[in-house]
Amino acid sequence: MVKLIGTNAGLVWRALSKAGRMSVKELKKETKLRTDKELFAAIGWLAKEGKLESEEKDSEIYFWLS
């Protein structure tokens, strides 16, 4: 499970590296992760490492690399 989360974190990191600031919906579409659980586990991994910034605007959460 940890290996899968790390792999998914890599997908999220690459998507944000390429596109910059992205919403949760955009990240899920770009990474092709199947579930919110997979996406948020990957986001948590990157956040723990201090690699993400985020903000909530108009009921949407946006992420970008630190």
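Predicted model: local features only at pLDDT ≥ 70, side-chain atom pairs only at ≥ 80, totals over all residues.

Residues are numbered from 1 along each chain as its sequence is written, and side-chain values use heavy atoms, with hydrogens and water left out.

**Helix packing**

- Helix H1 (residues 2-19) packs on H3 at an angle of about 80 degrees, with the two axes 8 Å apart; axes here are lines fitted to C-alpha atoms, for helices over the stretch in contact, and angles run from 0 to 180 degrees between N-to-C directions.
- H1 and H3 are therefore roughly perpendicular to each other, a label given to angles of 65 to 115 degrees, whereas angles under 35 count as roughly parallel, over 145 as roughly antiparallel and the rest as oblique.
- On the H1 side this contact is made by Val2, Ile5, Gly6, Asn8, Ala9, Val12 and Trp13, and on the H3 side by Glu38, Leu39, Ala41, Ala42, Trp45 and Leu46, where contact means heavy atoms within 4.5 Å.
- The residues of the contact of H1 with H3 comprise ten nonpolar, two polar and one charged; Ala, Val, Leu, Ile, Met, Phe, Trp, Tyr, Cys and Pro count as nonpolar, Asp, Glu, Lys and Arg as charged, and the others, Gly among them, as polar.
- The axes of helix H2 (residues 24-31) and helix H3 (residues 36-48) come within 11 Å and cross at roughly 105 degrees, and H2 and H3 are therefore also roughly perpendicular to each other.
- Val24, Leu27 and Lys28 of H2 meet Asp36, Leu39, Phe40 and Ile43 of H3, a contact that has five nonpolar, no polar and two charged residues.
- Helices (H or I, at least four residues) and strands (E, at least two) are DSSP runs, numbered from the N terminus.

**Buried residues**

- Ala42, in helix H3, is buried with a relative accessible area of 0%, where buried means under 20%, exposed over 50% and partly exposed in between (1.4 Å probe, protein chains only).
- Not counting residues up to four places away in sequence, Ala42 touches Ile5, Asn8, Ala9 and Val12.
- Glu38, also found in helix H3, counts as buried at 15% relative accessibility, and, leaving aside its neighbours within four places in sequence, Glu38 is in contact with Asn8 and Leu33.
- Ser23 belongs to strand E1 (residues 22-23) and is buried, with a relative accessible area of 6%; residues up to four places away in sequence not counted, Ser23 touches Glu60, Ile61 and Tyr62.

**Loop residues with positive phi**

- Lys32, placed in the loop between H2 and H3, has a positive phi of about 65 degrees although it is not a glycine, and Lys32 is exposed, with a relative accessible area of 68%.
- Asp58, in the loop between strand E2 (52-57) and strand E3 (60-65), has a positive phi of about 55 degrees although it is not a glycine, and Asp58 is exposed, with a relative accessible area of 70%.

**Ring interactions**

- Arg21 lies over the face of Tyr62, at 4.0 Å from the ring centre, under a rule that requires NZ of Lys or CZ of Arg within 6 Å of the ring centre and within 35 degrees of the ring normal.
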